[in-house]
Every structure is written in structure tokens, then in C-alpha cells.
Amino acid sequence: MYFSYEIATALENQSHKVRYSDSVENGSIIFSLSGVAFLLMDAEVCFVSAEEIFLAKIKKFINIHQNSFLVLFAALHGPKEWKLMFRIQQRFLGSNLRILPVHNTVNAVNLMCTIAKTSSKPYIDSICYRMITAKAYIIEQSPVWKTLQKIKLSDSVNPN
């Protein structure tokens with residue numbers, strides 16, 4: 001898997017703290033700080049191998065990693081690739097596996113880094129705070145909220 005080497009090199013060049021786990025499954029990359037694990041697979045390899053082989057590999061991977069993603073490489077995601085993803089989704093329905101269809105190394109690295117970054121503790125806290133703040137701002141700016149505030153003010157001025 002040439003793309004696996006490219007991804008490892010790109011992540012190292014960006015100074016990410018990752019582990020490569022060939023003992024768990026060949027092509028596994030684990031972001032230690034966020035606990036996110038990625039299994040790199042080439043769609044073409046899946047097509048030429050027996051379905052039981054790559055499904056067993058995925059099963060072993062998701063049994064070990066709680067927060068797991070399957071990174072499925074294909075230059076073009078046509079009908080064959082979408083059928084493959086559908087079969088994998090059907091097989092692992094209800095599991096913790098998410099499938100990321102990617103086209104190239106840059107695409108894969110960007111997705112992996114974004115997911116790992118947003119899954120780490122300091123960023124989760126920051127994102128939650130921003131969401132709460134945005135929600136409060138949106139509610140405060142809504143016409144319904146402003147009408148309720150006017151009614152509340154008029155009731156406090158004219159208590160009958």
C-alpha cells in the first residue's frame with residue numbers, strides 16, 4: 001500500500017503524534033491524543049481480494065478501536081466503489097465504524113487531521129463553548145425572542 005507510506009510521511013512532516021500499528025492491522029494509524037484510529041484500505045485491493053478477508057480485517061480493527069474510521073481510497077468513486085461502501089456499511093451496521101471515501105493522499109491527510117483535531121479534549125471543549133454561544137446569540141436575535149422580551153417588559157411596566 002503505497003498511499004499508506006505517503007500518508008505516514010505527510011503526517012510526520014506535519015509533526016503529528018501518531019502511532020502506526022501493523023500488529024493490530026496493517027495500514028492502521030492511531031492519533032494518540034484524540035484516540036481516533038484510521039484503517040487505510042484501497043478499493044482496488046478490496047475488489048481483487050475475497051470479501052471475507054477484508055471484512056475480517058475491518059472487524060478486527062473496529063473490535064480494538066472504539067473511535068474508528070475506514071479510509072477507503074479510490075481515484076474515482078463510481079458505482080463499484082459505492083456498492084463496496086454499501087456492503088461494508090450493511091455488514092457493520094450498528095458498529096462504531098465510519099467510512100471516509102478519499103481520492104488522494106492530501107484529501108486523506110486533511111480529513112484525518114481534522115477529525116483527530118476535533119476529537120481531542122481541548123478542541124471538543126472549545127467547540128462546545130462556541131456552539132452554546134452561537135445558539136444563545138441566534139436565540140437572542142430571533143424575532144420570536146424579541147417579541148417575548150417586549151411582552152415581558154410591557155407586563156412588568158403595567159402590572160394589572
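Predicted model: local features only at pLDDT ≥ 70, side-chain atom pairs only at ≥ 80, totals over all residues.
Colleague: What is the order of the elements from the N terminus on?

Modeller: The protein has seven helices and five strands, and the elements run α-β-β-β-α-α-β-α-β-α-α-α.

Colleague: How do you describe the packing of H3 and H4 beyond the angle?

Modeller: Their axes come within 11 Å, and the crossing is right-handed. Glu51, Phe54, Leu55, Ile58 and Lys59 of H3 meet Leu84, Arg87, Ile88 and Arg91 of H4. By class, this contact has five nonpolar residues, four charged ones and no polar ones.

Colleague: How many aromatic pairs does a search of the whole structure find?

Modeller: It finds one aromatic pair.

Colleague: What makes the pair of phenylalanine 38 and phenylalanine 69 stacked?

Modeller: The ring centres are 5.3 Å apart, and rings pair if their centres lie within 6.5 Å. The planes are at 25°, and planes under 30 degrees apart count as stacked. The pair is therefore stacked.

Colleague: Which parts does the pair tie together?

Modeller: Phenylalanine 38 lies in strand S3 (residues 36-42) and phenylalanine 69 in strand S4 (residues 67-73), so the pair ties together parts that are 31 residues apart in sequence.

Colleague: Are phenylalanine 38 and phenylalanine 69 buried or exposed?

Modeller: Both phenylalanine 38 and phenylalanine 69 are buried. Of the 160 residues of the protein, 35% count as buried.

Notes:
Residues numbered from 1 in each chain as written. Heavy atoms only, no water. Axes fitted to C-alpha atoms, helices over the stretch in contact; angles between N-to-C directions. Helix = DSSP H or I, 4+ residues; strand = E, 2+ residues; numbered from the N terminus. Left-handed = near helix turned anticlockwise from the far one by under 90°. Contact = heavy atoms within 4.5 Å. Nonpolar A, V, L, I, M, F, W, Y, C, P; charged D, E, K, R; others polar. Phe/Tyr/Trp six-rings, centres within 6.5 Å; stacked < 30°, edge-to-face > 60°. Buried < 20%, exposed > 50% of the residue type's maximum accessible area, 1.4 Å probe, protein only.
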